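Good morning, and thank you for making time for this presentation. Please look at the sequence and the structure as I bring them up.

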Amino acid sequence: MRILCTGGAGYVGSACLRWLLAHGHEAFAFDNLSEGNRAAVPDYAQRLIVGELIDTDLVIDTLRTRSIDAVMHFAALASVPDSISDPSNYYRVNVLGTYSLLEAMRAAGVKKLVFSSTAATYGFHGPEAMPLQETAAKNPETPYGTTKRAGEWMIADYARAYGWGYAIFRYFNAAGADPDGNHGEHRRHESHLIPLTLAVAVGKRPALKIFGDDYPTRDGTCVRDYVHTSDLAQAHQRAVERLEPGYGEAFNLGSGEGATVKEVHAACERAVGRSIPVEYAPRRPGDPAVLVADPAKAIRELGWTPCFSDIATIVRTAWQWHSRHPDGYPD
């Protein structure tokens with residue numbers, strides 16, 4: 001199958017692209033490189049199309065000239081705090097960008113789509129509601145969650161009207177690095193816990209800042225469900241290979257287990273083999289106390305078998321990447 005990955009030079013998109021190539025598919029990346037990296041895309045001179053998703057004509061041309069059979073849509077802005085301070089940019093990229101892609105797919109006759117969504121579409125639920133199932137109420141509390149939920153609605157409407165097949169994946173916390181240590185997480189403006197912790201270990205930051213230690217959890221810090229990028233990629237492959245016209249489902253992708261911020265910090269210290277300084281700060285807006293997935297539907301219906309998503313493996317693979325590439329990708 002010939003697959004276009006929007007945002008395919010980014011962290012999760014490129015991990016999925018590399019996985020697809022390793023499992024018999026022909027994959028291409030479409031990315032504006034605002035956060036993506038050329039070096040994350042194998043043979044990028046042939047596989048990477050640089051452009052803006054809202055350039056519908058360019059997307060149409062890409063789909064047609066590359067004879068694309070299916071799209072995996074990763075391209076998005078994805079910081080909860082940033083979405084609160086700058087919602088306009090999130091609606092432009094996440095909503096208008098998705099609309100442009102759907103219009104391009106309609107014009108080019110591409111009818112299979114896998115969408116990278118988020119657990120932020122669920123909003124705040126108390127610990128008693130965990131782990132979250134796909135049927136949980138969707139009440140996003142932040143512009144990030146709202147714009148991704150809008151994308152889900154658009155995709156379902158287009159699929160219903162035009163006979164498409166689609167899968168929506170609500171990630172919990174994507175984490176880790178390729179097991180070979182050659183590719184991993186590298187953003188211009190990092191906001192994720194594990195890379196921020198390991199940046200302290202390699203001397204790029206003075207200390208890890210923990211936002212809030214007074215949550216109603218077992219140690220006072222937020223609980224999150226971490227899922228390895230290789231496991232995410234496996235789920236995307238399984239979904240795209242099953243898509244048929246009229247098929248449309250949403251799935252949670254997570255480990256089904258939660259780790260606190262302090263537990264992740266401790267796991268990083270074990271992987272690194274030394275202490276990592278921390279500082280405490282007030283809670284951030286938009287952070288629920290607990291967010292954990294129930295991944296049973298993906299396991300049952302897609303035959304998904306997460307293999308790397310225990311926190312020790314996630315941190316070990318991330319440390320292999322960050323210790324070997326403290327400055328990230330060369331570009």
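Let me begin with a definition: two strands count as paired if DSSP finds at least two bridges between them. Helices (H or I, at least four residues) and strands (E, at least two) are DSSP runs, numbered from the N terminus. What you see is a predicted model, in which local features need pLDDT of at least 70 and side-chain atom pairs count only at pLDDT 80 or more, while totals for chains, interfaces and linings use all residues. Residues are numbered from 1 along each chain as its sequence is written, and side-chain values use heavy atoms, with hydrogens and water left out.

I turn to the sheets. Seven strands, that is 7, make up an open sheet in the order S3-S2-S1-S4-S5-S6-S11, and their pairing is parallel. At its edges are strand S3 (48-50) and strand S11 (248-253), each of which pairs on one side only. From one strand to the next, the twist averages 20 degrees; for such angles, axes are lines fitted to C-alpha atoms, for helices over the stretch in contact, and angles run from 0 to 180 degrees between N-to-C directions.

How many bridges join S5 to strand S6? There are 7, and S5 and S6 (residues 165-171) run parallel. Within this pairing, Ser116 stands opposite Phe169 in S6. Helix H1 (residues 11-22) packs on the sheet and touches strand S1 (2-6), S2, strand S4 (70-73) and S6; contact here means heavy atoms within 4.5 Å. The direction of H1 makes about 165 degrees with that of S2. Helix H3 (residues 56-65) lies across S1, S2, S3 and S4, and runs at about 170 degrees to S2.

UniProt, in an unreviewed entry, places the feature "domain: NAD-dependent epimerase/dehydratase" at residues 3-254. UniProt positions are given in the numbering used here, feature names are shortened, and annotations may be inferred rather than shown by experiment. Over residues 3-254 the chain is 38% helix and 19% strand, with the end C-alpha atoms 24 Å apart.

Two loops deserve a remark on backbone geometry. Met130 and Pro131 are joined by a cis peptide bond, with omega about 0 degrees; Pro131 lies in the loop between strand S5 (112-118) and helix H6 (143-162). Leu33, a residue other than glycine, has a positive phi near 65 degrees, and its place is in the loop between strand S2 (26-31) and helix H2 (44-47).

There is also an open sheet of 3 strands, in the order S12-S9-S14 and with mixed pairing. Its edge strands, strand S12 (259-260) and strand S14 (290-291), each pair on one side only. Strand S9 (residues 223-224) and S14 run parallel and are joined by 2 bridges; in S14, Val290 is the bridge partner of Val223.

I come now to helix packing. Two packed helices are described by the angle between their axes and the distance between the axes.

Helix H7 (residues 193-201) and helix H11 (residues 311-324) pack at about 50 degrees, with axes 10 Å apart. That angle makes H7 oblique to H11; angles under 35 degrees count as roughly parallel, over 145 as roughly antiparallel, 65 to 115 as roughly perpendicular and the rest as oblique. H7 passes H11 in a right-handed crossing, where right-handed means that the near helix is turned clockwise from the far one by less than a right angle, and left-handed anticlockwise. On the H7 side the contact includes Ile194 and Leu198, which with others meet H11 residues including Ala318 and His322. The contact of H7 with H11 divides into 9 nonpolar, 1 polar and no charged residues. Ala, Val, Leu, Ile, Met, Phe, Trp, Tyr, Cys and Pro count as nonpolar, Asp, Glu, Lys and Arg as charged, and the others, Gly among them, as polar.

The axes of helix H9 (residues 261-272) and H11 come within 9 Å and cross at roughly 55 degrees, which makes H9 oblique to H11. Val264, Ala267, Cys268, Ala271 and Val272 of H9 make the contact with Ile311, Val315 and Trp319 of H11. By class, these are 8 nonpolar, no polar and no charged residues.

Finally, H7 and H9 pack at about 45 degrees with axes 10 Å apart, and are therefore oblique to each other. Their crossing is right-handed, and the contact residues divide into 8 nonpolar, 2 polar and no charged.
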